[in-house]
Amino acid sequence: EWDRWLLMGLIGTAVGMLGFLIHQIIDSLIKLKWDLVENYLQVSKRKSDGNIHMTWLCALGLGLAMVVLSSGSVLFICPAGSPSGLPEIIGYLNGTSIQHLFNIKTFLGTFVSCVLAVASGLFCGPEGPMIHLGALLGCGLSQLQSDTLGIHLPIFTRFRNSADKRSFITAGAGAGIASVFRAPVGGLLFTLEEVSSFWDIRLAWQTFFCCLMATFTTDLLSSSLYGFVYRGHFGFFEAEKRIIFWNLLDMNVLAFIPTILLGMLGGLLGALFVSLNIKINKSRMQFFNSIPKLSLRKTIKLLETVLILTLLMFCISLCLFLCVAAAALLMENGKQGITYLFKRGTHEEFGYTSLCSALAFYFILSCWTAGSAVSSGLVIPMLYTGALYGRIIGLTLVSIFGVQTNEYGAWIDPGLFAAIGAASFFSGVSRLTISLTVIMVSMLS
């Protein structure tokens with residue numbers, strides 16, 4: 001079995017490198033976008049004609065350019081890459097045959113669409129596409145053949161059967177989620193709980209090894225490079241880059257009351273999100289199926305993503321006039337925004353108006369974005385939405401009991417309840433329990 005373990009290690013390493021590359025490109029594109037907007041604003045100020053409307057149009061134009069390229073790559077290059085790929089992977093691993101799901105065009109189209117969609121500012125994340133890309137690497141590296149490229153290498157030929165192919169795809173999908181969250185156990189449990197129905201103990205150990213290699217590779221590369229610039233810290237895993245809560249809070253039995261409330265709220269809002277998303281996608285399918293011409297149908301799908309981003313920018317501009325803090329929450333990169341909401345000791349940094357406004361806009365627009373013609377994931381929107389209403393509950397407790405500095409009242413912290421709210425909404429939408437708990441513990445401690 002040495003060759004099977006070797007392939008699992010290679011798949012994990014490749015997925016880890018891909019995860020590092022995706023995050024680096026997304027961060028670089030976001031920085032480039034806002035640097036261009038900032039430079040434009042400074043030039044306008046020097047000319048004494050600083051026009052906030054033109055600056056807004058500049059930001060909108062850059063976002064729209066990314067969205068058009070993102071949507072175009074899945075509509076005209078790889079339709080199998082839209083929108084997230086996770087349902088297709090689950091369907092394939094449970095016996096459904098889907099054309100063009102594991103070819104090189106789907107890989108390239110999904111990769112390009114994912115990084116551009118997240119960097120554009122749409123309310124989405126790279127997690128779903130990363131699972132799809134991990135499964136693609138698991139398939140490609142295990143089979144070592146491609147009809148598109150005309151490659152048929154004469155090694156590892158004994159794995160060219162449906163059972164082994166399915167095992168390597170399962171491991172690649174788990175490595176994808178492990179690379180995103182730096183959670184190898186979470187990646188294993190995710191594949192067991194959500195992805196595959198065909199399982200045995202040998203596959204469990206091999207998938208765990210694959211997830212370990214993916215996490216280690218991503219961490220190793222991230223330790224030395226940031227924005228593709230070498231920092232000279234190769235192999236030094238900085239704690240503040242990984243751990244959001246430095247130490248665990250001493251808990252009071254009273255904390256379980258708002259926790260139960262958040263769990264119920266997560267289930268109700270999660271059910272509402274799923275129900276609303278199903279209705280939106282049914283209406284979307286009926287509308288597009290009524291258009292007989294394929295080229296026109298694809299063009300309108302592309303215009304829908306443009307409309308979503310335009311409405312998002314309009315909501316941000318509206319919040320700039322009504323509540324600047326809400327605009328800051330909506331403009332912030334999803335991963336960074338979640339970190340702000342989880343931050344402890346910031347009891348009164350965000351008020352009710354900013355949190356409620358951001359929650360309303362984020363809930364609706366993320367629900368609309370899910371299923372549109374871009375390769376995107378739902379994990380970041382789920383965590384962000386839950387963190388917003390969790391922080392509202394935490395802020396309510398602060399309003400009732402005040403800011404507590406003693407050890408018995410330290411649990412009354414909006415950042416703590418933001419984390420609990422994020423887990424509750426994630427669970428309410430995805431119906432995950434065990435793997436979600438492990439992923440959240442890996443993120444927070």
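What follows is a short chat about one predicted model.

Biologist: What should I know about the model before I start?
Modeller: It is predicted, so local features need pLDDT of at least 70, side-chain atom pairs count only at pLDDT 80 or more, and totals for chains, interfaces and linings use all residues. Residues are numbered from 1 along each chain as its sequence is written, and side-chain values use heavy atoms, with hydrogens and water left out.

Biologist: How many disulfides are there?
Modeller: The count is zero. A disulfide here is a pair of cysteine sulfur atoms within 2.5 Å.

Biologist: Which cysteine sulfur is nearest to that of Cys58?
Modeller: That of Cys315, 20 Å away. Cys58 itself is partly exposed, at 21% relative accessible area. Buried means under 20%, exposed over 50%, and partly exposed in between, using a 1.4 Å probe and protein chains only.

Biologist: New topic. Which residues touch the most other members of the largest nonpolar core?
Modeller: Phe181, Leu341, Phe342, Leu383 and Leu388, out of 113 residues. Such a core is a set of buried Ala, Val, Leu, Ile, Met, Phe, Trp, Tyr and Cys residues joined through side-chain atoms within 4.5 Å.

Biologist: Which helix gives the most to this core?
Modeller: Helix α14, residues 379-401, with 13 residues. Helices are DSSP runs of H or I, at least four residues long, numbered from the N terminus. Domain 1 (1-231) and domain 2 (253-444) each supply at least three residues to the core. Those bounds come from an automatic or database domain assignment.

Biologist: What is Leu383 in contact with?
Modeller: Skip its neighbours within four places in sequence, and you get Phe181, Ile338, Ala422, Phe426, Met440 and Met443. Contact means heavy atoms within 4.5 Å.

Biologist: Which residues of α11 are buried?
Modeller: In α11 (324-331), Ala326, Ala327, Leu329 and Leu330 are buried. They span an arc of only 160 degrees around the axis, so they sit on the same side of α11. The arc uses the directions from the helix axis to the C-beta atoms.

Biologist: What do they pack against?
Modeller: Against α10 (294-322), α12 (334-342), α13 (352-369) and α14.

Biologist: Last one. Where is Arg182?
Modeller: In the loop between α6 (162-181) and α7 (184-195). Arg182 has a positive phi of about 55 degrees, although it is not a glycine. Arg182 is partly exposed, at 24%.

Note on methods. Helix = DSSP H or I, 4+ residues; strand = E, 2+ residues; numbered from the N terminus.
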